[in-house]
Amino acid sequence: MALLTIKNLTVRFATSTGAFTAVDGVDISVSPREVLAIVGESGSGKSVAMLAVMGLLPDTATVTADELIYDGHNLLTMSEAELRKLIGREITMIFQEPVASLNPSFTVGFQIEEVLRFNLGMNRKTAFARAVELFNAVGISEPETKLKAYPHQMSGGQCQRVMIAIAIASNPRLLIADEPTTALDVTIQRQILDLLMDLQEKHGMALILITHDMGVVAETADRVVVQYKGRKMEEADVLTLFENPQNSYTRALLSALPENATGDRLPTVADFMAAEAKP
Amino acid sequence: MTLVIEGKALTQDYHVSAGMFAASKTVRAVRGVDFAVERGKTLAIVGESGSGKSTLARIIALIDAPSGGVLKVDGQTVDIGRKRLTSDMRSKVQMVFQNPYGSLNPRQKVGDVLMEPLLINTPMPADERRDRAEAMLAKVGLIPEHFNRYPHMFSGGQRQRIAIARALMLNPALLVLDEPVSALDLSVQAQVLNLLADLQDEFNLTYVFISHDLSVVRYIADDVLVLSDGVAVEQGPREALFAKPQHAYTQQLFAATPVTSVAAIKARVERRQLARAALSP
Amino acid sequence: MSETVVKLSDAAIRRQILADFWFYFRQNRGAVVGMWVFLGLVVLAVFAQVIAPHDPTQQYRDALLTPPFWQEGGRIEFLLGTDAVGRDMLSRLIHGAQYSLFIGVVVVSIALVGGIFVGLLAGFFGGWVDTVIMRIMDVILAFPSLLLALVLVAVLGPGLTNAMIAIAIVYQPHFARLTRAAVMGEKEREYVTAARVAGAGTMRLMFKTILPNCLAPLIVQATLSFSSAVLDSAALGFLGMGAQPPASEWGTMLAEAREFILRAWWVVTLPGLAILISVLAINLMGDGLRDALDPKLKRS
């Protein structure tokens with residue numbers, strides 16, 4: 001049974017020039033312990049879809065779906081209080097800009113302990129011990145010292161580890177990672193991705209990885225969903241997607257990769273989309 | 001086989017003040033870098049953040065004077081610390097920046113953005129400036145209708161094209177490109193890389209291309225220079241470097257770069273299936 | 001990019017920008033109300049000669065201290081009553097709008113131009129230039145604004161012009177500080193470096209490249225200073241150091257009416273109300289401006 005089932009999700013924003021459809025009838029499902037990559041370029045709606053599931057969109061957004069079911073719970077009909085028990089506990093999220101995601105005025109220790117105490121109801125001593133434990137689990141050296149540091153004193157990679165620590169503190173069953181390595185150097189990206197995969201295996205979490213980087217998809221995903229301009233273009237397991245892509249947009253994306261270049265010029269999406277009818 | 005640009009033992013120091021009562025520290029961002037680029041070729045400078053690549057880019061683009069070392073453009077030694085740049089020298093080296101959303105003045109119309117370098121550096125009359133600007137706009141794949149618009153009305157890829165057009169207005173010999181496609185989507189990246197290749201052929205341009213993305217570097221570079229902590233740890237022709245990286249840092253970079261080949265994916269998927277089967281028999 | 005692109009003329013682009021601005025400004029209802037009231041004031045001031053029923057300096061000896069028309073003893077030809085020497089209140093108030101707007105515009109213009117220039121120098125050059133300029137600004141800011149204006153007026157002599165100059169000097173540091181902060185923020189942006197690479201010199205960088213991008217906070221501060229200028233000149237007028245009688249400036253009217261607070265409330269209250277309404281309207285408008293300018297930064 002799928003852990004998360006999304007059917008016909010549509011998100012519309014009210015803007016000064018009328019309504020804008022960011023996500024248009026998207027179906028996504030994730031099984032327990034599965035790594036799903038949602039890949040698309042900017043404007044594909046990949047982040048907006050997951051933010052809609054988490055309830056993190058602004059008031060100008062209208063979210064509609066036929067089904068939005070997590071582990072048998074219907075997220076569309078649940079009350080605020082019930083949702084809060086799931087979001088942030090069983091389903092957690094990490095974002096793209098690690099330094100900006102942390103409050104610059106407080107130490108990282110304060111911020112992770114805040115989550116442990118108010119979200120998970122621990123007392124101060126237990127929260128501190130658990131914070132040290134979590135920092136060790138995400139590979140931060142000298143955790144006791146680092147707990148007293150401020151976000152601007154830490155590197156991007158370390159801040160992302162802190163974010164991951166906060167996200168796994170509640171032992172979530174589903175972790176959504178929105179472009180977690182885009183802002184990081186390639187060697188740090190490798191470390192963070194390895195960490196995420198490691199934690200995913202160890203804790204048996206499902207992981208939804210949102211990215212625009214096909215390389216990240218190739219290295220981490222079990223299954224892949226390709227989105228373009230708010231619509232789902234293709235869904236396949238990772239090997240099939242790279243070996244035998246069915247959709248023209250997927251094929252365009254794969255051939256636009258510089259490592260797949262077969263000549264002097266890189267083919268562009270326009271070359272592909274013009275030649276074939278859209279689904 | 002003319003050398004368009006040559007740098008020897010370039011160093012750059014930053015003085016970081018440590019408050020009123022402590023002595024200021026000196027941070028050496030670039031340490032003794034040597035490089036040379038022939039006309040019509042592309043040198044790719046690879047490095048991560050903190051490697052000094054942007055600092056080096058600013059030296060090469062004649063924005064900042066180096067603390068030490070010699071920089072030669074077209075055989076002539078250039079020292080902007082000593083003497084102000086002539087219009088002629090300024091026209092020889094131009095730059096394209098990384099952030100398409102920050103490198104265009106939000107209050108300046110695109111047409112004015114393109115005409116400004118001509119206005120400042122040449123005695124060209126207004127209508128000739130306008131003609132040149134419109135021609136360049138067309139060359140980078142935009143249309144005359146875009147001339148009157150403000151940058152926020154364009155997408156990231158289009159803005160980068162405008163930035164490239166601006167850099168070419170003075171007919172430079174050398175273009176310094178600081179991660180010009182890093183902030184762009186994959187398909188837009190392909191378009192911009194194609195454009196850069198076409199322009200290089202047409203105008204016989206020399207590129208110094210800074211990037212952290214090895215797949216892009218492999219695609220466009222003739223020579224590669226790997227920068228780590230201000231030091232050029234390895235440099236050489238592209239094929240040689242990619243075939244057999246010598247330095248440990250270069251090897252680390254290669255190891256960290258994601259691989260998208262089907263074979264690698266197959267291997268990883270099989271590994272994972274085995275691991276999962278072992279966990280839950 | 002397959003949208004059909006139409007050649008947009010300069011006018012069309014300006015219209016689009018105005019439409020965008022209006023969309024966001026409209027959402028703050030107080031600001032819209034303030035704007036209409038302010039526009040009403042402008043109309044009154046511009047067409048004062050035509051709208052006012054009487055000449056503001058005309059003294060009607062037979063109608064001294066007439067109450068407003070709805071009170072007992074009031075007369076229809078003097079809708080809001082008359083003052084101690086028989087001048088029509090309504091006409092005086094309408095002409096007073098001229099003074100207030102004039103004062104606001106002149107004071108803000110002087111303070112803006114001076115403050116921008118000084119702030120640009122301080123922000124762009126930094127170092128000792130910045131230090132010297134900012135310390136001078138700090139000294140000016142350390143004085144209570146009205147006190148400093150009084151001192152300057154006492155030195156220069158009472159009168160509206162001197163009052164305006166004094167107030168403008170006192171407001172200048174606010175604009176200087178804002179400009180300096182904005183310039184320091186914009187100076188490191190990539191488009192400034194790009195302009196440098198295109199060969200721009202210091203003057204061009206300061207005035208043509210950076211300054212246009214610093215205007216949003218300055219415009220907001222200008223509207224707030226406008227209302228403060230109206231208030232301050234009314235205060236100076238009240239103290240006898242601003243516009244001299246028989247000028248129908250609202251503050252001066254208040255000063256002349258001090259002794260009539262109990263006897264003839266309309267001589268005191270109405271100018272005070274006029275000041276209150278104008279200042280409130282301009283402040284509300286300024287708040288709305290702050291939200292509407294550069295909306296792209298807030299709603300992406």
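Reader: Which pattern does chain C follow, read along the sequence?

Author: Happy to start there: this is a predicted model, where local features need pLDDT of at least 70, side-chain atom pairs count only at pLDDT 80 or more, and totals for chains, interfaces and linings use all residues. Residues are numbered from 1 along each chain as its sequence is written, while chains are lettered from A and ligands numbered from 1 in the order in which they are written. Helices (H or I, at least four residues) and strands (E, at least two) are DSSP runs, numbered from the N terminus. Chain C has 12 helices and 0 strands, and its pattern reads α-α-α-α-α-α-α-α-α-α-α-α.

Reader: Thanks! Which element gives the largest share of the side of chain A that touches chain B?

Author: Residues are in contact if their C-beta atoms, placed from the backbone, lie within 7 Å. By that rule, 29 residues of chain A meet 27 residues of chain B. At least two residues each come from α8 (186-203), α9 (214-220), α10 (238-243) and α11 (248-256) of chain A. The largest share, 5 residues, belongs to α9(A).

Reader: Is E179(A) buried, partly exposed or exposed?

Author: E179(A) sits in the loop between β8 (174-178) and α8 of chain A, and its phi is near 45°, a positive value in a residue other than glycine. A residue is buried if 20 or more other C-beta atoms, placed from the backbone, lie within 10 Å of its own, exposed if 12 or fewer, and partly exposed in between. Because E179(A) has 18 other C-beta atoms within 10 Å, it is partly exposed.

Conventions. Two residues are in contact if their C-beta atoms, placed from the backbone, lie within 7 Å.
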